[in-house]
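Look at the model first, then read on.

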Amino acid sequence: MARQDGAARTPDKVVHKVLNNNVVISIDESGQERVLMGRGLGFQLLPTDTIDPAKVEKTFVLDQGSDSEHARQLLASVPYPVIEAVTTAVDEAERTLGRSLGRRLPLAVIDHIQFVLERMQKGIRIPTTSMPELRVLHPQEFDAATAMARSVSASLDTALPDEEAVFLTMHLLNATRDEPNGTAALLFRRVQHVVTTVEGGLGVQLDVASPDYARFILHIQFLLQRLVAKSMLRGSDTSFFEFAKHSYPRSYAIAADVKSYVSAATGSDLTDEELLYVIVHVERLANQMADGAAT
C-alpha cells in the first residue's frame, strides 16, 4: 500500500466504499483503489457522492492482491485516533531520516501499535531486552523510532512501554534497508550472539555505554559484512596473532568461541587476521571491566 500525504484530489467519477466514518475506499474509472482518511469523511457518504478534498487528511494507494484486503480490514477495525497518531509519527520519521519509508511501513506500525494497546488493556506485557546494540549499529533509526514512540504516546495520551523503541527500530530497519528481506535482522541477531558469547566468556555484563563497547560492536558488524562479501582481512605476518594468542589466553579462547559460532552460522572460517582483532577487542573490554571493578 503506497502512502501519500495531505489532502488528495479525487477523480470526477468514482464509487466509494465506506469502511467507517473516517475511512473511505475510493475506486476510480481505471479500478485503482485509494484509501482516503479524515475525521468524519465517511459519515452519511453515499457511493456516488462527491468527496470534499478539504476533509481528506491522508491518502493511501492500495496494491492489488491479498495485502489490500488485509489493509481494508485493518483500517476498518483500528480506531481512527490510532491511525492518525501512527501516520503522523511516520511522517515525522521520514522527515528525520530524509527518505521515504515505503509502502508497507504505516500499515505495519498501525497493526503493531494497535496490538500493543490491546495487550496493555489486558495487562499483558511482552518482555524484551533493551538491545543496546541497536543504538550503536543504527543510531539514526533508533533515535527516529524513539521519537515515533513518544509521538504516538503523546497523541493517544497513553505511555507506550519503553521497549517499543526497539520494536519500532526493527520496523524502520525493515523499511529502510536496501537489502534482501531479513538481511539486516539476520546480521543484527548474529552480532547479538557474538556479544552473548563474549559476555559469557568474561563472566560479566558489558558496559553498553562505553566507547570500547561501541567500537567492539561496530568491529563485529564490519567483520560479518566482510565475511559475507568474501573480503576478510588477510596477512602474511602471523607474529602478532601468535603473540596475542599466547599473551591473552582467555581472550583468545573467547575469540575462538566466536570463530566457532561464525563458522557454524555462515559456513565460513575467520582468518587469523580477523581473529587477531577480535582478541584485541575482547582484551580491551576485559581490561575496561577490570578497571571499572577496581574503582
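Predicted model: local features only at pLDDT ≥ 70, side-chain atom pairs only at ≥ 80, totals over all residues.

Residues are numbered from 1 along each chain as its sequence is written, and side-chain values use heavy atoms, leaving out hydrogens and water.

Helix α2 has 18 residues and spans 26 Å from its first C-alpha to its last, close to the 26 Å expected at 1.5 Å a residue. Helices here are DSSP runs of H or I with at least four residues. Just after α2, G98 has a positive phi of about 70°. Buried residues (under 20% relative accessible area, 1.4 Å probe, protein chains only) of α2 include Y80, V82, I83 and L97.

Two packed helices are described by the angle between their axes and the distance between the axes. Axes are lines fitted to C-alpha atoms over the stretch in contact, with angles from 0 to 180 degrees between N-to-C directions.

| Pair | Axes come within | Crossing angle |
|---|---|---|
| α2 (residues 80–97) and α5 (residues 139–156) | 9 Å | roughly 150° |
| α2 and α3 (residues 105–121) | 9 Å | roughly 130° |

The angle makes α2 roughly antiparallel (over 145 degrees) to α5. In the contact (heavy atoms within 4.5 Å), residues of α2 including P81, A85 and A89 meet residues of α5, among them Q140, A144 and M148. The residues of this contact divide into 12 nonpolar, 4 polar and 2 charged.

Technical notes:
Helix = DSSP H or I, 4+ residues; strand = E, 2+ residues; numbered from the N terminus. Parallel < 35°, antiparallel > 145°, perpendicular 65-115°, else oblique. Nonpolar A, V, L, I, M, F, W, Y, C, P; charged D, E, K, R; others polar. Expected span 1.5 Å × (residues − 1). Buried < 20%, exposed > 50% of the residue type's maximum accessible area, 1.4 Å probe, protein only.
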